[in-house]
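Me: I have a structure open and have not looked at it before. Can you walk me through it?
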Amino acid sequence: MGRITVAVMVSLWVIPISIIVNRIVPHPYMDEIFHIPQAQEYCRGNFRIWDPMITTPPGLYHLSLAYVASLFPGMYCVKSVSPFSHVCSTAILRSFNGVLAVICSILVYEIITHLRPALDKRKATLYAVVLALYPLHWFFTFLYYTDVASLTVVLAMYLACLKKNYLFSALLGALSVVIRQTNIIWMLFVACTGIIDITLVHPRENMKADDFHESIRNSGSPTPKKSITGESKLRKRKFGAGVKTDDHSTPIISVSSAARMSSGLVEEFQNLLLTSWYLKWELLSSFCPFFLVLVAFGAFVHWNGSVVLGAKEAHVVSPHFAQIMYFSLIASLAMAPWHFSLGQASDMFWSFWENRPFSFFQGIMALAAVFLSVHFFSIAHPYLLSDNRHYPFYLWRKVINGKAQRKIWVLAYFLASAAALIPAPLIEFRYYTIPFFLLVLHSPSDDAGRWLLTGIVYLAVNAFTMAMFLYRPFHWQHEPGIQRFIW
């Protein structure tokens with residue numbers, strides 16, 4: 001069991017379903033009507049031609065060109081094509097995402113085994129295969145969209161950073177931004193996780209953290225030949241004192257530990273700042289490439305006048321705070337099979353009841369925040385209201401419009417998710433894929449049975465959405481052609 005097993009299992013559904021999709025939907029559909037012709041222009045060598053309706057950079061098209069070039073010699077030898085440009089068919093371009101999906105599943109396996117080296121290889125294989133079935137990722141594996149390529153490169157960037165190959169990680173970060181601009185946020189998040197790992201889990205073991213802080217207070221600068229250990233090392237990515245777990249290794253935070261969470265965050269932030277100053281030259285040399293990518297991105301935005309390339313009037317940055325709530329809802333539903341149980345619900349209720357005044361106040365404030373974000377910051381984007389081919393159209397019409405580890409890591413993750421999602425005026429479930437994967441990769445669930453249940457649920461959802469897409473087409477009176485339901 002391992003990466004080869006993961007690749008084979010994912011290929012077992014990628015290949016046959018890709019064939020079925022290409023037979024029933026042989027022509028570009030939805031956003032493919034922009035992406036596929038643009039990629040075909042690149043195959044013809046027309047790099048100066050650009051569709052003004054495309055909002056993302058041309059990274060996907062360059063990668064596709066390299067992929068097609070790798071296929072051309074073999075296809076030419078068997079006389080299946082004559083000119084190079086004929087290789088860039090809809091089916092071939094879609095197959096590139098299938099290849100990326102297999103690579104993505106291998107990256108997930110590598111990240112899981114790196115974060116949790118004690119985890120059984122069979123379980124790691126199971127987790128990687130189940131995540132490859134995540135409906136929003138799985139569906140777009142068979143279409144020529146930027147989502148699969150974006151996720152794959154972001155995960156590769158994260159893995160390189162975890163392995164402390166920061167230069168390669170920054171190069172992958174630059175590639176991810178060239179595929180989709182919002183990946184600049186995830187590049188900064190990856191850089192932050194690298195800094196957190198270096199500072200709060202510092203490898204040297206000559207000096208306790210308390211002595212280090214004492215030297216800061218006494219002399220204004222740390223002792224040069226001393227370093228941090230002990231207490232910092234206790235803050236590795238695991239749950240400490242005050243946290244108890246149930247039979248499924250899911251953390252249940254007690255009332256006393258919850259009361260200390262804010263002070264713990266302040267302490268971690270203080271440790272981060274102090275140690276960062278102590279290691280400033282090491283951090284500067286390691287993470288300077290990330291800063292250069294950020295500067296280049298800022299120069300691009302200044303030159304372009306916007307984050308997006310085309311259709312700028314339809315993609316104006318707007319404060320869409322309700323996006324965080326929508327993502328939380330989708331992530332909670334997708335993770336429910338392995339994180340929710342009656343025992344956890346009971347523990348949550350009694351924890352809430354034992355700390356009634358504060359818990360009721362928190363609940364009221366949370367409900368007020370939800371109400372305000374939905375009432376004042378739910379944006380009825382024109383694309384959402386007019387296009388009944390997307391499932392969010394029905395979420396808006398039936399639900400929204402119907403009124404109906406480490407703490408510093410968690411903070412960084414929340415800020416990155418907010419920065420990536422809140423400016424987006426359009427509700428697109430596929431925008432949630434990257435934050436969802438990063439969330440699940442740091443999930444503490446080890447129950448293989450629950451992961452199997454999750455995989456079964458994902459299979460059912462995928463079967464339904466693909467059947468609706470392939471076998472329940474419909475027509476618009478004002479526009480010719482077949483329309484299909486899509487995420």
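Reply: One definition to start with: rings of Phe, Tyr and Trp count as a pair if their centres lie within 6.5 Å. By that rule, ring pairs link Tyr29, Phe139, Phe140, Tyr145 and Phe469 into a cluster. Keep in mind that this is a predicted model.

Me: How many aromatic pairs are there in the whole structure?
Reply: The search finds 23 aromatic pairs. Take Tyr42 and Phe47: their ring centres are 5.0 Å apart and their planes meet at 75°, so this pair is edge-to-face.

Me: Tyr42, buried or exposed?
Reply: Tyr42 is buried, at 5% relative accessible area.

Me: Which residue lies over the face of Phe469?
Reply: Arg484 does, at 5.9 Å from the ring centre.

Me: Let me step back. How many helices and strands does the protein have?
Reply: The secondary structure comes to 22 helices and 4 strands. The protein has 487 residues, and 49% of them are buried. It exposes about 24,000 Å², with 68% of that supplied by carbon and sulfur atoms.

Me: Pick a helix. How far apart are the end C-alpha atoms of H4?
Reply: They are 38 Å apart. Helix H4 covers residues 90-115, and its 26 residues at 1.5 Å each should span 38 Å, so the two values agree.

Me: How many residues of H4 are buried?
Reply: 19 of the 26, so H4 is largely enclosed by the rest of the structure. Glu110 belongs to helix H4, and Glu110 is buried at 13% relative accessible area.

Me: What does Glu110 form a salt bridge with?
Reply: With Arg3, and the closest N and O atoms are 2.5 Å apart. Arg3 lies in helix H1 (residues 3-24), so the bridge ties together parts that are 107 residues apart in sequence. Arg3 counts as partly exposed, because its relative accessibility is 44%.

Me: How many salt bridges does the structure hold?
Reply: It holds 6. Another of these joins the side chains of Asp31 and Arg430, at 3.4 Å from N to O. Asp31 is partly exposed, with a relative accessible area of 23%, while Arg430 is buried at 8%.

Me: Which other Asp meets Arg430 in a salt bridge?
Reply: Asp147, at 2.8 Å from N to O. Asp147 and Arg430 are both buried. Salt bridges with shared partners join Asp31, Asp147, Arg180 and Arg430 into one network.

Me: Where is Arg180?
Reply: In the loop between helix H8 (166-179) and H9. Arg180 counts as buried, because its relative accessibility is 12% and the cut-off for buried is under 20%.

Me: How far is Arg180 from Thr55, in sequence and in space?
Reply: The two are 125 residues apart in sequence and 8.8 Å apart in space, going by their C-alpha atoms.

Me: Now the outside. Which residues form the nonpolar patch on the surface?
Reply: Leu188, Phe291, Leu292, Leu294 and Val295, which together have about 440 Å² of accessible area.

Me: Which helix gives the most to that patch?
Reply: Helix H14 (residues 280-304), with 4 residues. Leu188 is found in helix H9 (residues 183-200).

Me: Why does Leu188 count as partly exposed?
Reply: Because its relative accessibility is 32%, and partly exposed runs between the buried limit of 20% and the exposed limit of 50%.

Conventions
Residues numbered from 1 in each chain as written. Predicted model: local features only at pLDDT ≥ 70, side-chain atom pairs only at ≥ 80, totals over all residues. Heavy atoms only, no water. Patch = residues over 30% accessible without salt bridge, like charges linked within 9 Å, V, L, I, M, F, W, Y side chains within 5 Å. Areas by Shrake-Rupley, 256 points an atom, 1.4 Å probe, with all protein chains shown as cover. Salt bridge = Lys/Arg side-chain N within 4 Å of Asp/Glu carboxyl O. Helix = DSSP H or I, 4+ residues; strand = E, 2+ residues; numbered from the N terminus. Buried < 20%, exposed > 50% of the residue type's maximum accessible area, 1.4 Å probe, protein only. Expected span 1.5 Å × (residues − 1). Phe/Tyr/Trp six-rings, centres within 6.5 Å; stacked < 30°, edge-to-face > 60°. Lys NZ or Arg CZ within 6 Å of the ring centre and 35° of its normal.
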